[in-house]
Amino acid sequence: MDDYFAELGELFERFNVVGAFWTNIQLTFWAALIALALGTVLALMRISPIASLRFAGTAYVNVIRNTPLTVIIIFMVLVVWTLFAVTLAPGFNDNFFRLAVIGLAIYHAAFVCEAIRSGVNTVPVGQAEAARAIGLPFLAAARLVILPQAFRGSIAPLGNTLIALLKNSTVAAAGSVSWETASTMRLMIEFRPDHLYLIFFIFALGYVVLVIPIGVVTTWLSDRLAVKR
Amino acid sequence: MDHEAITDEPVASSAPRPTSGTATTDRATGEPLVELEGVNKHFGALHVLKDINLTVRKGEVLVVIGPSGSGKSTLCRAINRLETIDTGTIAIDGQKLPEEGRALARLRADVGMVFQSFNLFAHKTVLDNVTLGPRKARGTPKKAAADQARALLDRVGVANQANKMPAQLSGGQQQRVAIARALAMQPKVMLFDEPTSALDPEMVNEVLDAMVALAREGMTMIVVTHEMGFARKAADRVVFMADGQIVEEAPPEEFFTAPKSDRARDFLSKILPH
Ligand SMILES: Nc1ncnc2c1ncn2[C@@H]1O[C@H](COP(=O)(O)OP(=O)(O)OP(=O)(O)O)[C@@H](O)[C@H]1O
Ligand SMILES: [Mg+2]
């Protein structure tokens with residue numbers, strides 16, 4: 001038994017599991033921020049009175065949502081970086097990290113947009129009409145009246161998108177972010193295939209521990225912030 | 001106590017006047033303020049507004065009455081372009097309604113609207129509901145907007161509710177806040193689309209009283225309502241609509257006692273108490 005724990009300790013010394021999780025948390029954090037901003041803009045486009053903007057927003061969501069994330073991440077590395085030589089940071093690793101963040105954000109913005117749009121649907125049309133009737137132009141009405149209520153109605157689907165993003169952040173491996181969890185896990189299994197089950201279990205548990213609080217917090221928030229009518 | 005705050009008496013003189021001061025007591029000769037010419041509107045195959053010609057003068061109070069589905073709401077909504085029209089023109093104070101964008105927003109600011117279902121901003125306090133328009137559409141400084149809002153809330157008898165959320169108010173109180181919110185933009189004309197029909201009976205009068213007071217101050221008003229008491233007390237003219245057309249126009253007393261058209265007689269026999 002002592003041998004077993006000694007081996008395990010050695011495994012954890014050799015592979016930085018905590019650091020790998022931290023990488024995925026960072027990928028998720030930055031991608032979530034950018035996706036939230038981009039998704040909000042897309043949602044605004046989709047509810048705007050201008051037909052060409054609505055079309056562009058709809059096209060983005062349909063194209064991106066139906067493209068596999070792996071394809072987008074590989075596109076970021078092979079096309080954006082290799083072909084067009086777009087460099088986002090001086091160091092190799094930082095550059096791959098940022099390309100992955102952008103790829104994750106582009107993909108999840110489509111889902112954020114749809115989550116916000118579902119929130120917009122919870123806002124009665126009379127709210128927008130009243131905003132227009134007092135002379136607010138579209139953007140002011142959206143910013144001051146519609147989105148504040150829509151966000152409260154979209155906390156639960158936004159939470160689900162965040163959970164998906166956290167798990168999907170492992171796809172950054174396809175974009176050469178080789179120190180994140182999925183890549184680290186594979187290396188560990190290759191190194192100690194005899195501990196296969198344990199290694200799997202540790203990584204699965206790590207994600208469960210990260211995901212559960214997100215669900216709890218978003219459920220709590222969406223109850224607390226619900227708009228009373 | 002709110003329910004007694006409004007009476008038929010002219011409103012407290014301390015309150016600021018909502019109108020720009022051009023209102024005239026001689027309503028028949030006031031200048032045209034809202035002009036509709038040859039207005040047509042379809043919802044798909046349904047012809048909801050049929051060649052509507054209507055002029056409302058400064059200071060005039062017009063009551064629009066008619067059976068359900070006759071197009072009263074659509075008419076009201078077309079006047080501030082919440083509904084687009086197919087043909088014809090609508091002008092406010094000599095200015096044709098712009099199609100879109102900021103010019104339309106500016107013009108809407110001059111047209112107050114009170115909805116059947118109040119439509120107060122659910123995430124904002126009563127005070128913020130009233131100050132939002134002046135601050136964001138007119139650029140009124142915060143303090144000035146708040147002072148004006150409190151005066152308006154006082155005028156409609158809900159000053160003590162200023163810091164509550166709309167959901168905490170009764171229907172009658174919410175509708176009076178909605179009136180204050182519209183007045184805060186100092187509109188040239190106020191549109192009311194069945195402002196009391198979503199209210200419990202005991203709350204109808206508090207809202208009507210606020211509207212009568214407003215009418216007496218010279219506000220130009222277009223009111224869709226079946227409240228004959230209000231029409232008799234405050235209206236200069238009643239317009240009767242049926243099937244998207246204006247069938248009859250007359251002063252209220254004349255309309256209610258001696259309607260000329262069969263449609264109006266038939267309609268009145270259904271809503272009048274016997
Ligand atoms: N958005 C819409 N789409 C399709 N049809 C509509 C729409 N709004 C109204 N209508 C139809 O247009 C007609 C006129 O409606 P409107 O609401 O103007 O009538 P109204 O006189 O206000 O009736 P009520 O007294 O019931 O409020 C009705 O037949 C209604 O069903
Ligand atoms: Mg109606």
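## Reading strands, a ligand shell and a surface patch

Me: Which strand pairs with β9(B) in the parallel sense, and over how many bridges?

Reply: Strands of a sheet pair through backbone hydrogen bonds, either parallel or antiparallel. In this predicted model, strand β3 (residues 61-65) of chain B runs parallel to β9(B), with 4 bridges between them. For a spot to look at, Leu62(B) sits opposite Arg237(B) in β9(B).

Me: OK, and what does β9(B) do with β10(B)?

Reply: That pairing is antiparallel, over 5 bridges, with β10 covering residues 245-250 of chain B. Ala242(B) faces Gln245(B) in β10(B). The two strands make a hairpin with 2 residues between them, and Asp243(B) in the turn has a positive phi of about 50°.

Me: How many residues of β9(B) are buried?

Reply: In a regular strand the side chains alternate between the two faces of the sheet. Here you can check both faces: Arg237(B), Val239(B) and Met241(B) are buried on one side, and Val238(B), Phe240(B) and Ala242(B) are buried on the other. So the count is 6 of 6 for residues 237-242, where buried means under 20% relative accessible area.

Me: What is the strand order in the open sheet of chain B?

Reply: Read it as β2-β1-β4-β5, 4 strands with antiparallel pairing. β2 (46-57) and β5 (95-96) are the edge strands, each pairing on one side only. Further in, β1 (residues 32-43) and β4 (residues 87-92) of chain B share 5 bridges, and Glu35(B) stands opposite Ala91(B) in β4(B).

Me: Now the ligand. Which residues have polar atoms by an oxygen atom of ligand 1?

Reply: A backbone N or O atom of Ser70(B) is 3.2 Å from a ligand oxygen, and a polar backbone atom of Gly71(B) is 3.0 Å from one. Glu194(B) uses a side-chain N or O atom instead, at 3.2 Å. On its own ligand 1 exposes 630 Å², of which the protein buries 58%.

Me: Last one: which helix gives the most to the nonpolar patch on chain A?

Reply: Helix α2 (residues 17-47) does, with 4 residues. The patch, whose members include Trp30(A), Leu83(A) and Ile102(A), has about 840 Å² of accessible area together. Leu33(A) is in helix α2 of chain A and belongs to the patch. Leu33(A) counts as partly exposed because its relative accessibility is 44%, between the 20% and 50% cut-offs.

Technical notes: Residues numbered from 1 in each chain as written. Chains lettered and ligands numbered in written order. Predicted model: local features only at pLDDT ≥ 70, side-chain atom pairs only at ≥ 80, totals over all residues. Heavy atoms only, no water. Pairing = 2+ DSSP bridges. Patch = residues over 30% accessible without salt bridge, like charges linked within 9 Å, V, L, I, M, F, W, Y side chains within 5 Å. Areas by Shrake-Rupley, 256 points an atom, 1.4 Å probe, with all protein chains shown as cover. Salt bridge = Lys/Arg side-chain N within 4 Å of Asp/Glu carboxyl O. Buried < 20%, exposed > 50% of the residue type's maximum accessible area, 1.4 Å probe, protein only. Polar contact = N/O pair within 3.5 Å; in protein donor to acceptor, adjacent residues only side chain to side chain.
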